[in-house]
Amino acid sequence: MVDETMVVLAEYNTITEAEITKSILDSAGIWSTIQNEYMSSIYPTGVMPAAVAVRSSDLDKAKELLKNR
């Protein structure tokens, strides 16, 4: 069985920032998901940030990809 453990890569105050990061990851072939996607748009900025999560096996590759962003 493949380990599908998800880990948070980054947290953002706006859903737009999280969607941009997800798009960058998707284009590089790294599967990701946005946690708190809807809640972060309801609550005031910083209360419940949108979190981009990736598989733990992709974490290092994702960090390297976003390092210069």
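Lys22 and Asp26 both lie in helix α1, four residues apart, which is about one turn of the helix. Helices here are DSSP runs of H or I with at least four residues, strands are runs of E with at least two, and both are numbered from the N terminus. Lys22 forms a salt bridge with Asp26, with the closest N and O atoms 3.2 Å apart. A salt bridge is a side-chain nitrogen of Lys or Arg within 4 Å of a carboxyl oxygen of Asp or Glu, and by this rule the count comes to two.

The model is predicted: local features need pLDDT of at least 70, side-chain atom pairs count only at pLDDT 80 or more, and totals for chains, interfaces and linings use all residues. Residues are numbered from 1 along each chain as its sequence is written, and side-chain values use heavy atoms, leaving out hydrogens and water.

**The sheet**

- Three strands form an open sheet with antiparallel pairing, in the order β1-β3-β2; two strands pair if DSSP finds at least two bridges between them.
- β1 (6-12) and β2 (32-35) stand at the edges with a single partner strand each, so one side of each has no neighbour in the sheet.
- From one strand to the next, the twist averages 30°.
- β1 and β3 (residues 50-55) run antiparallel and are joined by six bridges.
- Val8 has Ala53 in β3 as its bridge partner.

**Helices on the sheet**

- Helix α1 (residues 15-27) lies across β1, β2 and β3 and runs at about 170° to β2.
- Axes are lines fitted to C-alpha atoms, for helices over the stretch in contact, and angles run from 0 to 180 degrees between N-to-C directions.
- Helix α3 (residues 59-66) packs on the sheet and touches β1 and β3, its direction making about 20° with that of β1.
- Leu59 lies in helix α3.
- Apart from neighbours within four places in sequence, Leu59 is in contact (heavy atoms within 4.5 Å) with Val7, Leu9 and Val54.
- Leu59 and Ile30 are 29 residues apart in sequence, and their C-alpha atoms are 9.2 Å apart in space.

**Helix against helix**

- Two packed helices are described by the angle between their axes and the distance between the axes.
- α1 and α3 pack at about 115°, and their axes are 11 Å apart.
- That makes α1 roughly perpendicular to α3; the classes are roughly parallel under 35 degrees, roughly antiparallel over 145, roughly perpendicular from 65 to 115, and oblique for the rest.
- Thr21, Ile24 and Leu25 of α1 make the contact with Ala62, Leu65 and Leu66 of α3.
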